[in-house]
Amino acid sequence: MSCVITNIGQLVTFDPADPDRPIRTDAALVIDEGLVPWVGDAANAPAADTRIDADGAAVIPGFVDSHSHLVFAGDRVAEFEARMTGRPYTAGGIRTTVAATRAASDDDLRARLAHLVAQSRAQGTTTLEIKSGYGLSLADEERALRLAREVTDETTFLGAHVVPAEFAHDRGAYVDLVCGDMLAACAPHARWVDVFIDSGAFTVDEARRILTAGRDAGLGLRVHAGQLEADGGVALAVELDAASVDHCTHLTDADIAALAESARGGAGTVATLLPLVEFSTKQPYLDARRLLDAGVAIAIASDCNPGSNYSSSVPLAVALAVRELGMTPLEALAAATRGGARALRRTDVGHLGVGARGDAVILDAPDYRYLAYRPGVPLVRTVVVGGVDIAHLRQAR
Ligand code: NIG
Ligand code: FE
């Protein structure tokens, strides 16, 4: 089944085969059996089984949200309100969500997850990474990853989110569990392993043990670091060739140099910036220009979770990246698409060149810059996944 998108006002391809021309005008896009076999001038567009008329709108690659925590129960709205009046964010709030998540049934967690994923999709996210981390027991972490696997292949084992209350007096035993039986139970459902490095969570040395064990179990590596202070996590991520180090709110010059050096070699370690967290915790925003000018590879993701940020809006993250992090609209959009793909070590998503997956968003705007220009406005008109307009699918059900 093939489909051609025509009448496109502005097509952002980020085609790696055509790096000097990220944006095309008068273009059309064909999607066949879920992939892009052709992109080019509208006048030369081949025939297809179906046609989507973009009505002069901008078309962009679907967002690649490479960082989310969507398997949980309960909320922390009171904690959010307290933060807005001055209480600082700390990792300790995670334990509140752990208690609610452990108490929830599989069906409840599955329904909540489905709802959150549908919200992400409706905002243009077509590839979504989801972490565990609110179970923190063997059975609860395994359950979280099993449920996440039902909705995405990009699942991440985050047993090392915080030390759960029952291990508060024996954190070494918890690290042993994470590296041992918990990892063995979770690895079959996960593509990645992640560790939260923070004074309220895990040390660099504990993280090295856990990440090395995860790598030995066949998982790719991701790291939470630099959220509340420069904590040595970036250096560890680069040392272990993690695909991504996320947050990076606090970075030293040496961290930036190490990230830039790692990006020069090819895949390397991507710095994944999460500006919605700064927004929702009242932390200072990072200056992304320091990273871009040094040559660091950057992704932007949502980090949707019930604590530090409960927004799944990648468009809003893009707007904040432009308004607060100093990125151009094109840099911010690239970070939320191609950057996210690189952070997941994927070449088939995050762009609309030949061979990419047919995941595209038709905006309710003539120009991609409207994503930053009109923050908070629902600019995602149509989400196309594998060549299928999922809004039409929803109506058909
Ligand atoms: O990425 N930093 C650690 N984990 C989440 C927050 C989790 C929570 O507060 O529930 C984050 O911000
Ligand atoms: Fe996170």
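Here's a quick briefing on how this protein chain is put together and what sits around its ligand. Keep in mind that the model is predicted. Ligand 1 has a shell of 13 residues.

- Where they meet, 21 residues of domain 1 are in contact with 24 residues of domain 2.
- On the domain 1 side, the elements giving two or more residues are β7 (58-61), α14 (370-373) and β18 (380-385).
- The top contributor on that side is β18, with 3 residues.
- By class, the domain 1 side of the contact comes out as 15 nonpolar, 4 polar and 2 charged residues.

**The nonpolar core**
- The largest nonpolar core has 127 residues, and the ones touching the most other members are Leu29, Val59, Val318 and Ala321.
- As a general point, nonpolar side chains tend to be buried together in soluble globular proteins.
- If you skip neighbours within four places in sequence, leucine 29 is in contact with Ile5, Leu11, Val36, Val39, Val59, Leu352 and Ala360.

**Alanine 28**
- You'll find alanine 28 in strand β4 (residues 27-32).
- Is alanine 28 buried or exposed? It counts as buried, because 24 other C-beta atoms lie within 10 Å and the cut-off for buried is 20 or more.
- Leaving out residues up to four places away in sequence, alanine 28 touches Val4, Ile5, Thr6, Ile8, Gly40, Ala42 and Ala45.
- Alanine 28 and proline 88 are 60 residues apart in sequence, and their C-alpha atoms are 49 Å apart in space.

**Around ligand 1**
- Among the 13 residues surrounding ligand 1, the closest are Ile94, Phe196, Asn305, Gly307 and Ser308.
- Sorted by class, this shell holds 4 nonpolar, 8 polar and 1 charged residues.

**Helix α2**
- Ile94 turns up again in helix α2 (residues 94-103), where Ile94, Thr97, Val98 and Thr101 are buried.
- Looking down the axis of α2, those buried residues fall within an arc of 105 degrees, so they line one face of the helix.
- What do the buried residues of α2 pack against? Their partner is α4 (138-149).

Definitions and conventions
Residues numbered from 1 in each chain as written. Chains lettered and ligands numbered in written order. Predicted model: local features only at pLDDT ≥ 70, side-chain atom pairs only at ≥ 80, totals over all residues. Near = placed C-beta within 6 Å. Nonpolar A, V, L, I, M, F, W, Y, C, P; charged D, E, K, R; others polar. Core = buried A, V, L, I, M, F, W, Y, C linked by C-beta atoms within 7 Å. Buried ≥ 20, exposed ≤ 12 C-beta atoms within 10 Å, placed from the backbone. Contact = placed C-beta atoms within 7 Å. Helix = DSSP H or I, 4+ residues; strand = E, 2+ residues; numbered from the N terminus. Arc of directions from axis to C-beta.
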